[in-house]
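Let's take a look at this protein together. Have the sequence and the 3D view ready as you read.

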Amino acid sequence: MVGLRERKKKESEEKIAKAARDIFLKKGYNEATMEEIATKADIGVGTLYNYFKSKAEIFISIMAQKSLINETDGEELDYTLEKDTVTVIIDYILKSTEYIESFDKRLWRELFAAILGNANPDNLIFTGLVNMDFMFIQKLEQLLNSMKEKGRLPQSFKSNEAAYAIYSIIIAQIMMYIYMEGATFEVYRKNVENQIRFLFEGKY
């Protein structure tokens, strides 16, 4: 019975996430309402609130599903270890951030405006994105430590500092992609690859 309940819960969450994504893409984040999401998902508003407290929580859940944040440890970290070290790291980064492309720039700008206008702990979008960022940095550090254990990075390599440096590159490139009209996601990928290779030059 527990297995059946969990499966039904997961199916309902996926249905809600799909409905919410459609609403977000059509109306934007600010104009979307929990009532519209519930109607689109063909469930009651009260039922929706049993799964998610707010549209911010739904949006964060969608992003977490599309990134590698919720993957079990090791599931995504060793998937291309036959490649050279930097290519493994780049592949992981690009796979982890490809969800950015699934929402248009208008929606991201709207979200960042909401965050900057209310960057305090009761802003669920702000705290949700910050938590995802910290989890991403931890995953990066885990990947780099895995490389050290396999002898693909020197033992003196500082994984924590490198993870934060990589994160800084990613954030800068995401901002450029979102706010520069002519920037494409392919340009984002290429810039990330070039800068990560430069960062690791001579390090292994």
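## Ground rules

This is a predicted model, where local features need pLDDT of at least 70 and side-chain atom pairs count only at pLDDT 80 or more, while totals for chains, interfaces and linings use all residues. Numbering starts from 1 along each chain as its sequence is written, and side-chain values use heavy atoms, with hydrogens and water left out.

## The overall fold

You'll find nine helices and zero strands here. Helices are DSSP runs of H or I with at least four residues, strands are E runs of at least two, and both are numbered from the N terminus.

Of the 204 residues, 43% are buried, meaning under 20% relative accessible area with a 1.4 Å probe, counting protein chains only.

## The largest pocket

What lines the largest pocket? There are 22 lining residues, and Phe-112, Leu-129, Asp-133, Tyr-167 and Ile-171 lie nearest its centre. Helices α5 (85–97), α6 (105–117), α7 (124–149) and α8 (159–179) each give at least two residues to that lining. (On a 1 Å grid over the protein atoms alone, a pocket is an open set of points where a 1.4 Å probe fits, with protein on both sides within 12 Å along at least five of seven lines; lining residues have an atom within 4 Å of a point.)

Asp-42 sits in the loop between α2 (34–41) and α3 (45–51). Asp-42 isn't a glycine, yet has a positive phi of about 60°. Is Asp-42 buried or exposed? Asp-42 is exposed, at 67% relative accessible area, where exposed means over 50%.
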